[in-house]
Amino acid sequence: METMRLAIVGAGPAGIYAADLLQKAERDFEVEIDLFEQLPAPYGLVRYGVSPDHPRIKGIINALRDVLDSGSVRYFGNVRYGQDVVLDDLKKHYHAVIFSTGAIRDAALSIPGIDAEGSYGAADYVSWFDGHPDVPRTWPLEAQSVGVIGNGNVALDVSRMLIKHADDLLPTEIPQNVYEGLKANPIEELHLFGRRGPKYVKFTPLELRELGELNDVDMVIDERDFDREDAYADEVLAKNKQVLVMTRIMDKWRKDQQEREAAGEQASRKLHMHFWSKPVEVVTEDGRVTGLKIERTAPDGEGGIIDTGEFEIIPMQSLYRAVGYFGSPVDEVPFDEARGVIPNAQGRVQNLEGDQVHGVYATGWIKRGPVGLIGHTKSDAMETLESLMADRATWWQPEAPTADAIPALLQERKVPYTDLEGWHRLDEHELALGAAEDRTRIKVVPRDEMTRISRGE
């Protein structure tokens, strides 16, 4: 029976799901799959994009681990596509490649002052607190008043990881340098901004509820945000069960706030929710953030907003934008600069003129953009694999499709790659570090240390 050799670039959920689904798919050929990952450790977004205090979501790693440990795929970590291996290498040794490189940059927010000192992208902060090896070990946590722009789950993650007391994160896998940074954080209040009303948020109820359960943090609600008449919200959104649950959560916060004020009680930190608040300018002084100017908005009756001409300035010393992620170009592969994705049709990569690039496929966020939850990548991967299998006649014809060719190539180029056994070694090391401190795990952060431990050096 013919054997098809497939390279997958990116060992996050999208890439691992694609490998698993192809192994299980009904087909009349054998498959050999190699996963290439630029970081020494696998799992991508689950390891480096999910807050450490969300072990439930990180439980997805268990399913991904089962795929890697099945023995049906090979893993090559610490290998940079475009540097350590290039497209011509893949054409020489494989019949096709799937790119699952994700989206890790922050989407732009074009308002005056957004590039001021003290203004940050959420993705960079998430990479820091998740111990990504390619970002600095420190983060400038110096502000007493902080703003976060966005009404999705990433905005909640960022807000929670800014306002939460560091000691409450000790049971998690938070890296030591991150704990020390958060421990010294002088924050007293955080302001979270959304352009539309409380019934339009993109949060999930679980994430929202967690925000109100933070130790020694008061939720502060502006009653003006609940007084606007909105026929669309009342007629359409009111039927959504998630909206109903989140409305009840916020109603409880409003009641709790009234009771605290009546009793004269307050926590050491406050989280202010601002709805109907459109950011229009970052206020600066000497190039640094000093506030955020917002325009109050109102519902247009059709699910959108209208500007009111009412402006306010909320003082703050730092600002985070959590308005979405954006993909990065991949060497020698077409890229849509406007959308931040590899142009494709059902996963088949296309050039900018719309012609198919044979042998090259995409899945995950680099295929469709940063939308949907991690679990959605399964159906996305299946679509790509159906295209791949249907294109058998146009696969590459590799001149050296042998299993030992890639390890030999990497050794020849002196690439200190890691393998599955090395990941197990690093995994056990991190768990042992955590166990010594009565914690789940303590991540190793520096790339060279991760690589050294993985390679047993």
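Ser 318 is found in strand 14, which spans residues 318-321. The model described here is a predicted one. With a relative accessible area of 5%, Ser 318 is buried. Leaving aside neighbours within four places in sequence, the contacts of Ser 318 are Gly 118, Tyr 120, Ala 143, Ser 145, Val 146, Gly 147 and Val 289. One of these partners, Tyr 120, leads on to the aromatic residues.

A search of the whole structure finds 18 aromatic pairs. Tyr 120 belongs to strand 6 (residues 119-121), whereas Trp 139 lies in the loop between helix 6 (122-129) and strand 7 (145-149), so the pair ties together parts that are 19 residues apart in sequence. Both Tyr 120 and Trp 139 are buried. These two residues also belong to one aromatic cluster, together with Tyr 125, Trp 128, Phe 129 and Tyr 320.

A further pair, that of Phe 226 and Phe 275, is edge-to-face, with 6.4 Å from centre to centre and 85 degrees between the planes. This pair links distant parts of the chain, 49 residues apart. Phe 226 is placed in the loop between strand 9 (217-221) and helix 10 (231-235), and Phe 275 in the loop between strand 10 (269-274) and strand 11 (277-285). The two rings can also be described by their accessibility. Phe 226 has a relative accessible area of 22% and is partly exposed, while Phe 275, at 1%, counts as buried.

Aromatic rings in the model also meet charged side chains. The ring of Phe 226 has the charged end of Arg 254 sitting over it, 4.0 Å from the ring centre. Phe 226 is thus a partner of Phe 275 in the edge-to-face pair and of Arg 254 in this charge-over-ring arrangement. Elsewhere, Lys 293 lies over the face of Phe 311, with 4.9 Å to the ring centre.

Attention now turns to open space in the model. The second largest pocket holds about 990 Å³ of space. Its lining is made up of 43 residues, and those closest to the pocket centre are Gln 38, Thr 101, Gly 102, Ala 103 and Ile 104. Two or more lining residues come from each of helix 1 (13-24), helix 2 (44-48), helix 6 and helix 12 (365-368). Helix 6 gives the largest share of the lining, four residues. By residue type, the lining of the second largest pocket divides into 22 nonpolar, 16 polar and five charged residues.

Within helix 5 lies Leu 90, a buried residue with a relative accessible area of 0%. Apart from neighbours within four places in sequence, Leu 90 is in contact with Ala 7, Val 9, Phe 36, Tyr 81, Val 97 and Trp 396. By contrast, the C-alpha atoms of Leu 90 and Val 135 are separated by 29 Å, the two residues being 45 places apart along the chain.

Most residues other than glycine have a negative phi. Just after helix 14, however, Lys 414 takes a positive phi of about 60 degrees. Asp 216 likewise has a positive phi, near 60 degrees, and is found in the loop between helix 9 (205-212) and strand 9. The relative accessible area of Asp 216 is 31%, and the residue is partly exposed. A positive phi near 65 degrees is found for Glu 332, which has its place in the loop between strand 15 (325-326) and strand 16 (344-345). Glu 332 is exposed, with a relative accessible area of 52%.

Technical notes:
Residues numbered from 1 in each chain as written. Predicted model: local features only at pLDDT ≥ 70, side-chain atom pairs only at ≥ 80, totals over all residues. Heavy atoms only, no water. Phe/Tyr/Trp six-rings, centres within 6.5 Å; stacked < 30°, edge-to-face > 60°. Buried < 20%, exposed > 50% of the residue type's maximum accessible area, 1.4 Å probe, protein only. Lys NZ or Arg CZ within 6 Å of the ring centre and 35° of its normal. Contact = heavy atoms within 4.5 Å. 1 Å grid on protein atoms, 1.4 Å probe; cavity = no way out; pocket = protein on both sides within 12 Å on 5 of 7 lines; lining within 4 Å. Points joined across faces, edges and corners; volume = space filled by probe spheres on them. Nonpolar A, V, L, I, M, F, W, Y, C, P; charged D, E, K, R; others polar.
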